[in-house]
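This report describes selected packing features of one protein chain.

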Amino acid sequence: MRIVVFLLSFISCFSFASQSVTFIHKNSLKTVEGQRYKSGLLYSAPNSKRTLHIVTLDWPPYISNDLCNKGWVYHFAVAVLNSQGYSVYLEFLPWARAVRNVELGKAYILMPEYFIEDTAPSDYVKNKMRRELLGISNSFQGGNIVFLKRKNAPGIFIGNLNSLKGSTIGVVRGYQNTPEFDAMMDNEEFKVISAVNDLQLMQLLFAKRVDLIIGDPSVLTHSVTFSELNQNEKIKLLNVVEQDGKPLHYNSLYFAISKLTPNWLGVLDDINQALYIFSNSGETERLINTVSEGCAV
């Protein structure tokens, strides 16, 4: 009985923590409660301008439906838009589906996104570039992009992407990485095997199906650490890989808005204004440092 009560209490605390977002705006502490809505959560703003449908992915430690607080980027996204008077409906989807929905206008905002080059083609709208379909916000804090290889395997990346030619690289389907890498990938200058998510990407490397994988090392590590694999499987996966060479690039993060969103330029201006306010006031840094407080390591 005590075990049951403990589990119910834990689930209750987990659920409550995952449904509220607290942020500071105009020197005032604000808390908005998320309510179950369709297949996500709805965060209503007083006198809301409208409801914006955001689609995102499980990408810990930045954001994930499986984190006890859903990650700092989750809170940041709700806070940024709510501070500008928008209600937010936030839904988790597989990344490729999230990208497709926003490019087709079935959802309004995709985040967190990497910078999208003008030359990046859409996988979902024929003969269209992604920037023809999406507007990109100003940036916010992101992380490094690196190559990972198996330990004891020879290094491949020597600081020049030309060293990858002839190799087999694992990528997550639908991810942007860096403009040069993505262009070489589109030109088929090396073989690519696509994974559905970061965990599967790590498993491809472990299984020797690829020579390297590319991604944010903190995301790749978290994808294993917080997966449903047993402890021995996690240890094996994490112990078999290491970084190959120096980081390829630092990637900032962005909001990408469908140009089919009514008054999308106005919404984009509001997002950029909030990003500036949050950065200038220190609220971005505060959320990064405090959102995970109270979560078990």
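## Core, helix packing and a loop proline

In this predicted model, F255 contacts F76, A77, V80, I109, L110, M111, G135, I136, S137, F140, I271 and L275, its neighbours within four places in sequence being left aside. F255 is also listed, with W59, Y74, F76, F147, L164 and F181, among the residues that have the most contacts inside the largest nonpolar core, a set of 89 residues. Helix α2 supplies the largest share of this core, 9 residues. In soluble globular proteins, nonpolar side chains tend to be buried together.

Helix α2 also packs against helix α10 (residues 283-290). Two packed helices are described by the angle between their axes and the distance between the axes. The table gives the values for this pair.

| Feature of the α2 and α10 pair | Value |
|---|---|
| Angle | about 145 degrees |
| Distance between axes | 9 Å |
| Handedness of crossing | right-handed |

At this crossing, W72, F76 and A79 of α2 meet T284, L287 and I288 of α10. By class, the contact comprises 5 nonpolar residues, 1 polar residue and no charged residues.

P60 lies in the loop that runs between β4 (51-56) and α2 (72-82). Because its relative accessible area is 13%, under the 20% cut-off, P60 counts as buried. Residues up to four places away in sequence not being counted, P60 touches L67, S218, V219 and H222. The C-alpha atom of P60 is separated by 17 Å from that of A96, which is 36 residues apart from P60 along the chain.

Note on methods
Residues numbered from 1 in each chain as written. Predicted model: local features only at pLDDT ≥ 70, side-chain atom pairs only at ≥ 80, totals over all residues. Heavy atoms only, no water. Helix = DSSP H or I, 4+ residues; strand = E, 2+ residues; numbered from the N terminus. Buried < 20%, exposed > 50% of the residue type's maximum accessible area, 1.4 Å probe, protein only. Contact = heavy atoms within 4.5 Å. Axes fitted to C-alpha atoms, helices over the stretch in contact; angles between N-to-C directions. Left-handed = near helix turned anticlockwise from the far one by under 90°. Nonpolar A, V, L, I, M, F, W, Y, C, P; charged D, E, K, R; others polar. Core = buried A, V, L, I, M, F, W, Y, C linked by side-chain atoms within 4.5 Å.
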